Amino acid sequence: MSEVTIKRALLSVSDKSGLADLGKALAARGVQLVSTGGTAKALRDAGLTVRDVSDLTGFPEMMDGRVKTLHPMVHGGLLAVRDNPEHAAAMEAHAIGAIDLVVVNLYPFEATVAKGADRDEVIENIDIGGPSMVRSAAKNHAFVTIVTDPADYATLLGELEQSGGATTLAFRRAMAAKAFAATAAYDAAISSWFAFADQGQRFPDTLNLSSKLVTTLRYGENPHQNAALYVPNRPATTGLPQAQQVQGKELSYNNYNDANAALELVAEFAADKPTVVIVKHANPCGVATADTLLEAWHQALACDSVSAFGGIVAVNQPLDGPTANAICEIFTEVVVAPGADEAAKDAFARKKNLRLLLVNDLPDAHRAGLTLVPIAGGLLVQDRDNGALGDDALKVVTKRQPTEQELKDCLFAWTVAKHVKSNAIVYASKGVTAGIGAGQMNRRDSSRIAAAKAREAAETHGWDEPRTVGSAVASDAFFPFADGLLAAVEAGATAVIQPGGSIRDEDVIKAADEAGLAMIFTGMRHFRH
């Protein structure tokens with residue numbers, strides 16, 4: 001059947017927003033309201049006549065409300081196939097009345113967990129009767145309308161208005177799909193809590209993931225690919241999906257991917273001096289810290305002004321007008337910042353296509369979490385790379401100790417290298433990247449590419465020598481041969497930071513000693529594929 005007239009509705013909600021207005025609108029159409037506990041009280045407080053579920057079932061609510069709707073008088077009224085003679089006969093024999101509309105939202109399990117409730121309270125906020133009614137109604141959507149989201153109340157009332165007090169099959173199907181998604185997300189939240197929080201598992205036997213659609217995107221990495229943005233039902237941290245877009249075109253898939261890379265890197269410098277990160281195709285092409293954002297911008301841009309064209313910019317402090325004006329001098333796709341003053345907003349307003357995203361806070365660079373990568377036939381899951389170096393992790397393996405400035409440059413380059421696609425080589429000097437080599441099949445080529453970019457930058461800006469001269473160089477993984485190190489020596493680096501761990505470490509250390517370099521082993525690598 002297509003249209004079903006709503007004659008009886010069962011309402012049982014934790015979130016009571018919009019409930020009174022919905023109840024009044026249904027009652028005005030002559031719909032009988034059946035309800036439970038707090039929902040029934042809220043409806044009566046609104047002046048409405050409500051029949052208690054206990055009156056319907058002949059049993060009182062019991063066991064602190066754990067048992068109230070789990071009864072044939074409820075689920076028979078929801079699950080009966082009304083044009084099935086046997087079902088109709090059973091309803092008549094047992095005086096089971098049909099329920100045409102179910103309005104249910106579930107106990108606030110995730111909110112209870114989020115507020116730090118103890119285990120007993122968390123368990124009590126696992127809804128049983130609610131999901132059961134939702135699933136019964138959604139399964140029998142040929143005859144029953146299910147609404148689980150207060151945001152859909154207005155749509156429901158519009159449907160009733162348009163269809164003379166009835167709902168269409170198309171509407172019921174859409175609401176059923178949404179209802180099953182709601183119970184699946186709810187169960188995913190519960191199973192995740194049991195696995196991770198209650199049982200302390202790192203990789204549970206079943207990994208349940210639940211996310212909500214934010215928006216569809218114009219296309220994916222390429223125009224022939226469709227794409228969309230989802231967020232976890234309860235994000236563990238905030239980022240670009242929660243940012244305020246002040247201006248500019250709709251963000252694309254690539255914009256989100258690249259801007260996230262910039263945001264994750266600049267978050268490493270959340271507590272540092274003004275820092276600017278420029279990213280292109282998810283790789284940093286310039287990073288700098290300075291006394292002002294404007295100075296940091298110019299220093300970061302100078303590293304690789306060619307790649308910066310059409311790139312993404314992220315900063316660790318609120319943007320000011322002079323910095324915004326300087327950024328506007330080149331074509332920039334997206335700017336991400338923890339705030340911007342009016343002068344900065346006015347400057348960007350003159351670039352109508354530039355997207356300005358303001359985040360409330362930078363994400364915690366050292367937060368825990370999982371990363372997921374789909375592969376053919378499976379899903380790779382790992383801890384996110386939140387590794388950080390303590391002072392006791394650094395081991396100088398060469399005859400020469402690094403100077404204080406070389407040590408600072410090594411740690412700066414190491415932080416940036418963590419966010420560069422492997423094989424990664426980063427030269428840095430005085431808080432500024434001098435050259436970045438990314439994504440090569442061997443480390444020697446990454447060293448040479450980074451040095452070549454530094455030479456090009458020197459020629460472009462008329463410097464006497466590339467910034468790699470006197471710099472520190474970071475390698476995301478060990479040097480398997482001395483050739484990569486020797487390429488850094490040729491570029492003028494005086495200090496090296498790398499994980500170590502190669503069977504040829506002694507050869508690499510010997511080459512560093514012969515070149516007069518200081519070299520630090522970290523014991524930690526940062527592959528980023």
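The largest nonpolar core has 48 residues, and Leu-26 and Ile-146 have the most contacts inside it. A nonpolar core here is a set of buried Ala, Val, Leu, Ile, Met, Phe, Trp, Tyr and Cys residues joined through side-chain atoms within 4.5 Å. Buried means under 20% relative accessible area, exposed over 50% and partly exposed in between, with a 1.4 Å probe and protein chains only. The model is predicted: local features need pLDDT of at least 70, side-chain atom pairs count only at pLDDT 80 or more, and totals for chains, interfaces and linings use all residues. Residues are numbered from 1 along each chain as its sequence is written, and side-chain values use heavy atoms, with hydrogens and water left out.

- Beyond its neighbours within four places in sequence, Leu-26 is in contact with Ala-9, Leu-11, Val-31, Leu-33, Leu-101 and Leu-160, where contact means heavy atoms within 4.5 Å.

**The five-stranded sheet**
- Five strands form an open sheet in the order E4-E3-E2-E5-E6, with parallel pairing; two strands pair if DSSP finds at least two bridges between them.
- Strand E4 (51-52) and strand E6 (145-147) are the edge strands, each pairing on one side only.
- Strand E5 (residues 101-105) runs parallel to E6 and is joined to it by three bridges; Val-102 has Ile-146 as its bridge partner in E6.
- Helix H8 (residues 129-139) lies across strand E2 (8-13), E5 and E6, at about 145° to E5; axes are lines fitted to C-alpha atoms, for helices over the stretch in contact, with angles from 0 to 180 degrees between N-to-C directions.

**Thr-323**
- Thr-323 is found in helix H14 (residues 321-327) and is buried, at a relative accessible area of 0%.
- Its contacts, leaving aside neighbours within four places in sequence, are with Leu-293, Leu-294 and Trp-297.

**Arg-355**
- Arg-355 is found in strand E15 (residues 355-358) and is buried, with a relative accessible area of 1%.
- The side chains of Arg-355 and Asn-255 are joined by a polar contact of 2.9 Å; a polar contact is a pair of N or O atoms within 3.5 Å, and within protein one must be able to donate a hydrogen and the other to accept it, while residues adjacent in sequence count only if both atoms are side-chain atoms.
- Not counting residues up to four places away in sequence, Arg-355 also touches residues including Arg-218, Lys-249, Glu-250 and Glu-333.

How values were computed:
Helices (H or I, at least four residues) and strands (E, at least two) are DSSP runs, numbered from the N terminus.
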